[in-house]
Amino acid sequence: MRIQTRIMSSVAATLAVSALIVLIVFSVLKDLDKETALGGVYDEIREKTHALNLLTARLRSEPDPSLIRQIREIRHSLENLLGTLTPSDAREVSLVRRIKSDSVGLGSSLEKLISSSAAPGGALEAERYGVLLSQLWMKTQFIAGDTQRLAQISEARMASSRRRAVFLAVACIVGLLLINAAVSFFTGRKIVRIQEGLRQALAKAEEGDRLLSAFMEHVPEEIKITDAALNLTRVSRHGRERLGFSYAGESMDGAAPRREVFRADGETPLAYEDLPLVRAVRSGEVVQEAELVQVDARGERLHLLCSAGPIRDSSGRIAGGIAATRDVTGRRRAEEALRRLSQFPGENPYPVLRCSPDGAMMYTNLPARDWLATFGWQAGGPLPSAVLAVVAKAREQGRAIETEITNPAGRTFSITVVRPAGEAYINLYGIEITERKRAEEAVLESEQRVRRKLDSVLSPEGDLGVLDLADFVDIQAIQRLMDDFHVVARIPMSILDVGGRVLVGVGWQDICTRFHRAHPDTCRHCLESDTVLPAGLAQGECRLYKCGNNLWDMATPIIVAGRHVGNILTGQFFFEDETVDRELFRAQARKYGFDEGEYLAALDRVPRLGRETVDRGMAFFRGLADMLSLHGYTNAKLARLLAERDRLADSLRESRAMLDAALGSMTDAVFISDTEGRFIEFNDAFATFHRFRDKDECARTFADYPEFLEVFLENGDPAPADQWAVPRALRGESAINAEYALRRKDTGETWVGSYSFGPIRDKNGGIVGSVVAGRDVTERKRADEAVRASEERLRALLGEKEVLLKEIHHRVKNNLQVISSLVALQADEMRDAAGRAIFQDVTHRVRSIAMVHEKLYQSADLARIEFSDYAQSLLKYLWRAHGADGAGVRLALDLEPVGLSVNAAVPCGLILNELATNALKHAFRNRTGGEVTVSLRGGGQGEVTLCVRDNGTGLPAGFDLSQCRSLGLRLVHMLARQLHAAVEVTGGEGTGFTITFGGPKT
């Protein structure tokens, strides 16, 4: 029998026995009420027979009609009472029959006595009157005696009912205790066994989870694990850094669109269905080293080799998938750099500077100058102290140094400082890592928060305070029980949680539901009863309370594990022995606007309960509260233990399957050791990395490897055995991409390995093993050396070309300015205003071309200019040049950053010059002012849109740009054809020109 079934059986038995006890008690109460009512009838019969004797004795001396009428009324009332007598057993049958027979004789004697009292006096009449009076007295005595015997029989029956009720109640309580004791005993034994199994499963699950967590933490590859629905369940630390977001709750179809993924050519987008991990989960396909290109969180295009495969459960069904992605960007970039540098060196978008060993500036690129400026550096001044410190460190140590520097704005840069051998200068290379650092800190904080919560849940003494009363009890079962209870006891009740939410309710009165809880003021009194009434009560205590609406309420708390989780309330009643103040309730109806008639009718339906009934009902409710406290807590804790056991077992199997799948899919050598250096896990790539034929040939302990393997540090010195990766990890050290040179003693083969390693810790922080990942980077090192040599050869050429191009643009700009000045001087000499205007237009056109070369000379990119900056400068120049015409016209700019090549910038600048000049000269003629709006937009498909609009007089009807004779608009038409641009002219309120042409490719 399952433990849940036992608990539910115990609860059902408890509720059934409790209901039986209630039925017995209320059955006895019902019998007692019936017998009590009969006792009252018996007493009234005896009182009326005694009254008849007294009144008939007075009849002789006072034959008054009113006395006769009174005697007859008592006689009639006595007959009615005797008519209600019904025998309950054989002993009462004869007594009731005799009483009714004597009642008939009593009536006959009474009529004769009344007739005799009206006759004239005499001896005979007196004797006859005495006989009749004696007969009447005997009849009343017979009736009173038989009634007394009926009362004695009733009292004996009441005493027997009490004894029977006490016996049955005690028997039921003893049975209830035995049932609960038996269930608690067997359940407790089962809980102990479950807890022991949980502890063992927890230890195994923690061991597997530690291995998998250490593996995912230290392996320098992007490892992703999903379930069958392609929801991400685990991502390695390196993968989270690359993805740039927390994977918790993410699915592959939700995460994939965040990053662009391309095929190996870097141009063809890779569909979601073609992703290696998606193929592995959906079709069970094993993908080996599929090459693809992905844009990471920093917008960088990475070249990746991805291997993926399915994870299957014990039945062979696909339960998830795993993918291992290896970053080969360095190798690809080295190859690309060799190819690119052989043609022409490119620009470095990150800070690069050169200085002497004493910190004197020798060279800096534009990103470096911008970066130094954030420290308050000015051209010609000394380097910032943070930069000088790393320069001094590189000078003293004579080797490359990698460090991090954070500027005053909070941006963090990774700085590499190198002093080339034999050179009298030091180079600094920087790259911004602010977002990566923030992501790492966010991931660390998230992991710590999740671990704290996980530790609280896994602890056997974990806090159950997050559970509510509804989590402990079966609300439907309690509701059915209380419905049956109300049918018998007619006591209204409800069960509420501490927030005032009603979970179980029965017998609620109309005066409460229709009136008190329907009005905000009276409802506030009801809510006060729900919360104030049970406040401060201990378990087993109850409180009687008259609410603000003048009805009685009682409450007892429900305490689970020492925490107040709810209350049992009985309310909306009056006591039988109290007098209800109807005027008070009439006043309440008027005060709160209730219908007085309906309100008082609802008041009359409020139940009136005896104090003993209320006390016994609350005793039952206290017992019910105790039972809910005990079984609710036991059931919740046991269900939690069972669920935790199942979860731990699943987690153990899942962790083992994930670890096996991850190791099998890795192209890097991965091996896990215990504290003694014994390799407890390693993959096939481990054998390849160490130049073994297969895994069976590999040595299984670290102590065996110095016999056939030599290891050297980066400076070429032999590495002692205690400086190898495994001993360092067992000492608590961690490293990413630590490089060693390795050589086989037997074959002499040498290679370079990049190691990432770290310790495996238990829950107390103790080191229980190590995890190491090794990657063969021999080819990459050779490529790096080749790239470095090529860069040194071509760096000088790059500087010379940059100086030459800047000088060319500078000279072109100066020559165009000379031409512009000559034309302007000639215009000033002319007397003819029309001729002078023509020369001014030429000046503006030459000036617009000169500004293109000026911007190129000032730009870090000598092939392209930022056209929004150029357009702003050109328009401000035109407005100044047009003097009074420009002063009255407002210029509104809406410019997005758009980069244009010189071949596109010159015609586009001339178009902007012509359109703006036309608007200033012609759009607002004979008007006091207006507005010209210039907007620049870069489209998503590489398009550029330039729009110039004014709110002037507008164009004439039938305007055609291709047929226009104006030189300026003819230039616009010709230059648009040169750009292969589409021109749209709009009229209406003013004039608008929209030029759309193909933008630069990225």
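Tutor: One term before we start: contact means heavy atoms within 4.5 Å. Also, keep in mind that this is a predicted model.
Student: Okay. What is Val 932 in contact with, leaving aside its neighbours within four places in sequence?
Tutor: The list includes Trp 879, Val 889, Leu 891, Ala 919, Phe 924 and Val 948. Arg 890, Ala 892, Arg 949 and Asp 950 are on it too.
Student: Which residues have the most contacts inside the largest nonpolar core?
Tutor: Val 932 is one of them, along with Phe 867, Trp 879, Leu 900, Leu 912 and Phe 997. That core has 42 residues.
Student: And which elements give two or more residues to this core?
Tutor: Three helices: H23 (867–881), H25 (902–923) and H26 (967–978). Then strands E27 (930–938), E28 (943–950) and E30 (991–998).
Student: Where does the largest share come from?
Tutor: From H25, with 11 residues.
Student: What does a second, separate core include?
Tutor: Met 482, Leu 503, Val 506 and Phe 620 are among its 30 residues.
Student: Zooming out, how many helices and strands are there in the protein chain?
Tutor: There are 26 helices and 30 strands. The chain has 1002 residues, and 44% count as buried.
Student: Now the surface. Which residues make the nonpolar patch of about 360 Å²?
Tutor: Val 166, Val 170, Val 174 and Leu 178. Val 170 is in helix H4, residues 123–218.

Definitions and conventions
Residues numbered from 1 in each chain as written. Predicted model: local features only at pLDDT ≥ 70, side-chain atom pairs only at ≥ 80, totals over all residues. Heavy atoms only, no water. Core = buried A, V, L, I, M, F, W, Y, C linked by side-chain atoms within 4.5 Å. Buried < 20%, exposed > 50% of the residue type's maximum accessible area, 1.4 Å probe, protein only. Helix = DSSP H or I, 4+ residues; strand = E, 2+ residues; numbered from the N terminus. Patch = residues over 30% accessible without salt bridge, like charges linked within 9 Å, V, L, I, M, F, W, Y side chains within 5 Å. Areas by Shrake-Rupley, 256 points an atom, 1.4 Å probe, with all protein chains shown as cover. Salt bridge = Lys/Arg side-chain N within 4 Å of Asp/Glu carboxyl O.
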